[in-house]
Amino acid sequence: MTHTSTQIQLANRPVGWPTDDDFRTVTVDYDDLPDGQVRVANEFLSVDPYMRGRMIDTRSYIPPFALDETMTGGAVGRVVETTVDDLPVGALVSHQYGWRDIVQEDADGFRVLPEPPEGAQSSVYLGLLGMTGLTAYVGLLTIAAMQPGDTVFISGAAGAVGTAAGQIARLKGAKRVIGSAGSAEKVALLTERYGYDAAFDYKDAPSVRKQLREAAPDGIDVYFDNVGGDHLEAALDSFNDGGRAALCGAIAQYNSTTRTPGPSNMANIITRGLTLTGFTVGHHFDQAAEFNREMSAWFADGKVVHDETVVDGIDNAVDAFLGLMRGENTGKMVVRTS
């Protein structure tokens, strides 16, 4: 019996902002399962800012997407057919075969998950209880070494990693948590829902540097950077002596066609004894067990909230990604495929 999968491929390497023309939708037919493989019907797939970097053929921490091949990324789904006892039909699994509704691959590419907590969808394992949450946890506590009493600034704070990082900072005893976002509505959510003490709209007329000074008159100790550019410059301006930054993303330059200027105040790194450390979560999976215990307990106790923006249909996956690039999401952006 033939099973048909709808999949999204990269057709061109975008220059500047991606468009619909840079992608194509194809169908792939799967025949009967060979030994050692499983077939999974995806429930949700993740679209993430880092995927923009994978559309460029350049050296990075992860290989670029290949042209005319189905793109990959995080996804969760249910086993619908199996040849492997450890992956029975009905099991909920996570994997990296995103950007398709049906996937058929070797069993070792899938990891069995517990059923989601009451009131949550399986997509929570792509967000707060998954790689997104782990990224925030590692960046804040290991890379930036946040301590109780620190003042913390998080850029891109209304996104998936930012909403998680702000809540973790609060739970770990930060004295003050400050965030930036791209609209008045998102700024309100940061303080009203995610526990931020202060937030500002980086698109407002005053510079990010000035807005951060006003939000943190006594300076900052930790910066969690999802943006780069003027946000990093503002953090360098506001750092107290011995400040630490976890450099997680650089949204400000992902779609730029010109070289992004560096901050003008890099000398502050020397004079204030600052530490700026870039990281990718793939080098810190040894902390996953600790993260899972702590975040799962917070989630069960209602101490953290998980919001997501859901786009329905694999055929709309490109729209979801383009919307993510335009900042149309609050929290995690996912595509519901079934």
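## Rings and helices: a short tour

Guide: Welcome! Ring pairs link Phe23, Trp99 and Phe321 into a cluster. This is a predicted model, where local features need pLDDT of at least 70 and side-chain atom pairs count only at pLDDT 80 or more, while totals for chains, interfaces and linings use all residues. Residues are numbered from 1 along each chain as its sequence is written, and side-chain values use heavy atoms, with hydrogens and water left out.

Visitor: How many aromatic pairs are there?

Guide: Rings of Phe, Tyr and Trp (its six-membered ring) pair if their centres lie within 6.5 Å; planes under 30 degrees apart count as stacked, over 60 as edge-to-face and the rest as tilted. By this rule, the count is eight aromatic pairs.

Visitor: Which class of pair do Phe23 and Trp99 form, stacked or edge-to-face?

Guide: Their centres lie 6.5 Å apart. The angle between the planes is 0 degrees, and the pair is stacked.

Visitor: How many residues apart are Phe23 and Trp99?

Guide: Phe23 sits in strand E2 (residues 23-30), and Trp99 in the loop between strand E5 (92-95) and strand E6 (102-106). Strands (E, at least two residues) and helices (H or I, at least four) are DSSP runs, numbered from the N terminus. The pair links distant parts of the chain, 76 residues apart.

Visitor: Is Trp99 buried or exposed?

Guide: Buried means under 20% relative accessible area, exposed over 50%, and partly exposed in between (1.4 Å probe, protein chains only). Trp99 has a relative accessible area of 0%, so Trp99 is buried.

Visitor: Why is the pair of Phe224 and Phe279 called edge-to-face?

Guide: The ring centres of Phe224 and Phe279 are 6.3 Å apart. Phe224 is buried at 0% relative accessible area, and Phe279 is buried at 9%. The pair is edge-to-face because the planes stand at 85 degrees.

Visitor: Are helices H2 and H3 oblique or parallel to each other?

Guide: Axes are lines fitted to C-alpha atoms, for helices over the stretch in contact, with angles from 0 to 180 degrees between N-to-C directions. The axes of H2 (residues 131-143) and H3 (residues 160-171) come within 8 Å and cross at roughly 50 degrees. Angles under 35 degrees count as roughly parallel, over 145 as roughly antiparallel, 65 to 115 as roughly perpendicular and the rest as oblique. H2 and H3 are therefore oblique.

Visitor: How many residues of helix H6 are buried?

Guide: H6 spans residues 229-238 and is largely enclosed by the rest of the structure. Its buried residues include His231, Leu232 and Glu233.
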